[in-house]
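Here is a short briefing for a first look at this structure. Start with one residue, then widen the view.

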Amino acid sequence: MAETDIDDLIEIIEREDDIDNIPTTLPMMPVRDVVIFVDMLLPLFVGRKKSTKAVEETLNTDQYLFLSTQKDSEIENPTSDDLYETGTIGRIQKMLKLPDGRVKALVQGIAKAKIVKYLKKRSWFQVKIEIIQDIELEEINIEVEALMRNVRESSEKILALRGEMSSDVGHLLEHIESPGKLADLVASNLRLKVEDAQILLETIDPVQRLMTVNDLLTREVELSTVQAKIQTDVRDEITKSQRDFFLREQVRAIHRELGESDDKFAEIEEYKKKIKKAKIPEKYEKEAFKQLKRMEQMHYDSSEASVIRTYLDCIVEMPWSKSTKDFLDIKKSAAILDKNHYGLNKVKERILEYLSVRKLNPKMKGQILCFAGPPGVGKTSLGRAIAKAMKRKFIRISLGGIRDEAEIRGHRRTYIGAMPGRILQSLRQCGTNNPVFMLDEIDKLGSDFRGDPSSALLEALDPEQNSEFSDHYLNMPFDLSKVLFILTANMTDTIPSALLDRMEVIRISGYTREEKDKIATKHLFPRQLKENGLIRRSVHISPGAMASIISEYTLEAGVRNLERNLGTICRKIARKIAEGKKGKFSITKQNLAQYLGPPKFLTELDQEESQAGLVTGLAWTEVGGEVLYIEAALLNGKGELIITGQIGDVMQESARAALTYTKANMDRLGIEKEQFENTDIHIHVPAGAIPKDGPSAGISMATAIISALTGKKVNNTVAMTGEISLRGRVLPIGGLKEKALGALRAGIKTIIIPEKNAKDLYEIPETVKKKIKFICVKDLDQVLDVAFKLSDA
């Protein structure tokens, strides 16, 4: 700015206008987002019709115009209530009409005034005004002088921070001697809110106005300082980025000269993005970047770089924060479980309880459920149904035969071909951290010199510890607390006690014939029809044929062989259709043998009639309950006890205890002493090729010995289970439900059980109780009474 221009501006500011010549009635123009101060020179773009007419009317008022600020700038057509009463009288210095109809006017503030009355409001605003004059100061004392100097210095500092300071501006500030004019000049150049600027305009005490401006200046200096610092930091960062880019380009050029590819740098950047996207916990994210930095310093094709690359792939693909939302509608979940599985009410009830608690307490720790039962009862499919009911993903891994601890915990990265354990591998493939995770055949885990997998599972299956499960390969704790673990086992005896203690065992005993019939009709048969490409209406199995398949072609606790037989029927029908045969195929009891061959199992008892020395016992096995025939025979000898049939130590001890009881009570039982001295007793348990053991055959062996010695027959429809003491007491046993179902399949009508097992009868299905009579006994005398009495009857 030239020196003459500054002098002219100073002259304009210091000049005292003759305000007496200003008309008291003026056209008024509302302005938005700005408060116009005295001596302020401002270009205005006028576009509203009322404002345009008000500007045109200034021709009648010697170019004078009253300017009032709107309270709300969003209002397009303000009324008198929307305008401040105090404003500024302005004079239009220049005016230019634009081609689009707007008017550009250069306006200078002349004096402050307030509206006394609105004379016109419709076409344009015409107001009557009253001029407001500042309070005159008698003299400028030292305090005012210091205040003015402070305002000048603060103004110069702000302009310097903004990069707008020049010698001309400093000269202008130094030559203004009036406190009021200095306050108005500074205020007009500050970025003030309309409300703050209006308060300044309405302040008539120049010293007070200057003090307010000083306060605002102090705040503005702080803001401008912070803003300047931010801009400097941004500029420095940009400079650093440019420097880094230049150096990186140089490094790339060097690598190209060495024959290395740009693919490495693209890969590094890609890994950085993936690590950030994976949302790894912050303290473990540092380790990921540390490994990435190591890889960056290696040759692209080196073997160690390949190891780190595999490790980073594992880290970024783990579901650190990815979860599926649980579906917790209890009624719909119950319907899904009922649709996929018939019966198993106790299991379904426990699952729905878990979902209910989960609904009330979403932060509950993951439960560890163990389904224990014979093969084919639906343990695995039940896990899938749970996942479907909760709308979670389902993972299944088989633990059968695993002997290496690294299969669970993973290998350390120092080994060639190292990889995570099977738990984390499955979660990586699944993509969520809260699936339903089924660990099949937990009872068939092994152990050898490579470690004990069951011990490694302790941490994964403990709700108190698995929030930080440690995998040797990952080397970072991973949270397994959101996973719903479901384990399956045929028997719990082989599961280590420490591991078993962490599970909630839910036993699935098996199905009755009626339940098998329902399952076959509703689930198995339709599935086999679909798998073999058959139409439901073209194949019909009669109820009699289905009952025969269940009772004469299968003898199992589950339904696996039942489905196999149904699949055999469907395949034979599919072949006939493929060969051109048409019509509806009906499977009846009479033509069933054409599809499945002769019956494999007799529906009645294997033994045709009751015999002395032959007793039916009951045994629990991995595949459910079974009948166990115990035979006792007498032969000339020296009173020895012979035991055959691959009997284990426990059953051998039961046989000796039974013999001891018989000898101790021979007078009461009606047995001669000479029989023991001149006779050997041979106990045999078919089939001889199958190992047998367990603490529930004591009363069966004692009854067989006594029956053989006395010649009394034991009813072939009576089965018994229970251990015996030397005093003849009948001791409780386990697996009553499984044994009862096995007895039902074998055609047993009466079961003798220990009195202490009466409490377990509530688990027996009502259909079984209707077909089998359960008799509870305390001692062997009661057993003999029932077995021989029913035989005589």
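R392 counts as buried, because its relative accessibility is 6%, below the 20% cut-off. The model is predicted.

**Around R392**

- R392 lies in a loop. The loop runs between helix α13 (379-390) and strand β8 (394-398).
- The R392 side chain reaches the backbone oxygen of N434 at 3.2 Å.
- Which residues touch R392, leaving aside its neighbours within four places in sequence? They are T324, D326, Y354, R358, A387, N434, P435, V436, K482, V483 and L484.

**The whole chain**

- The protein chain has 28 helices and 24 strands.
- The radius of gyration is 49 Å, well over the 28 Å that the globule rule gives for 793 residues, so the chain is more spread out than a compact globule.
- The C-alpha trace spans about 155 × 70 × 65 Å along its principal axes.
- Of the 793 residues, 48% count as buried.
- Take the contacts with a separation of 6 or more: 74% of them join residues 24 or more positions apart.

**Surface and charge**

- The accessible surface of the protein chain comes to about 41500 Å². Carbon and sulfur atoms account for 50% of that surface.
- The chain carries 119 positive and 119 negative charges.

- Is helix α5 (residues 179-189) largely enclosed or largely open? Ten of its eleven residues are buried, so α5 is largely enclosed by the rest of the structure.
- The buried residues of α5 are P179, G180, K181, L182, A183, D184, L185, V186, A187 and S188.
- Helix α26 (residues 736-745) is mostly covered, with ten of its ten residues buried.
- Buried residues in α26 include the charged K737, E738, K739 and R745. Also buried there are L736, A740, L741, G742, A743 and L744.
- After α26 comes G747. The phi of G747 is positive, near 85 degrees.

Conventions
Residues are numbered from 1 along each chain as its sequence is written. This is a predicted model: local features need pLDDT of at least 70, side-chain atom pairs count only at pLDDT 80 or more; totals for chains, interfaces and linings use all residues. Side-chain values use heavy atoms; hydrogens and water are left out. Helices (H or I, at least four residues) and strands (E, at least two) are DSSP runs, numbered from the N terminus. Buried means under 20% relative accessible area, exposed over 50%, partly exposed in between (1.4 Å probe, protein chains only). A polar contact is a pair of N or O atoms within 3.5 Å; within protein, one must be able to donate a hydrogen and the other to accept it, and residues adjacent in sequence count only if both atoms are side-chain atoms. Contact means heavy atoms within 4.5 Å. The radius of gyration is taken over C-alpha atoms; the globule rule is 2.2 Å times the number of residues to the power 0.38. Accessible areas come from the Shrake-Rupley method with a 1.4 Å probe; for residues, only the protein chains shown count as cover. The place of a charge is taken as NZ of Lys, CZ of Arg, CG of Asp or CD of Glu.
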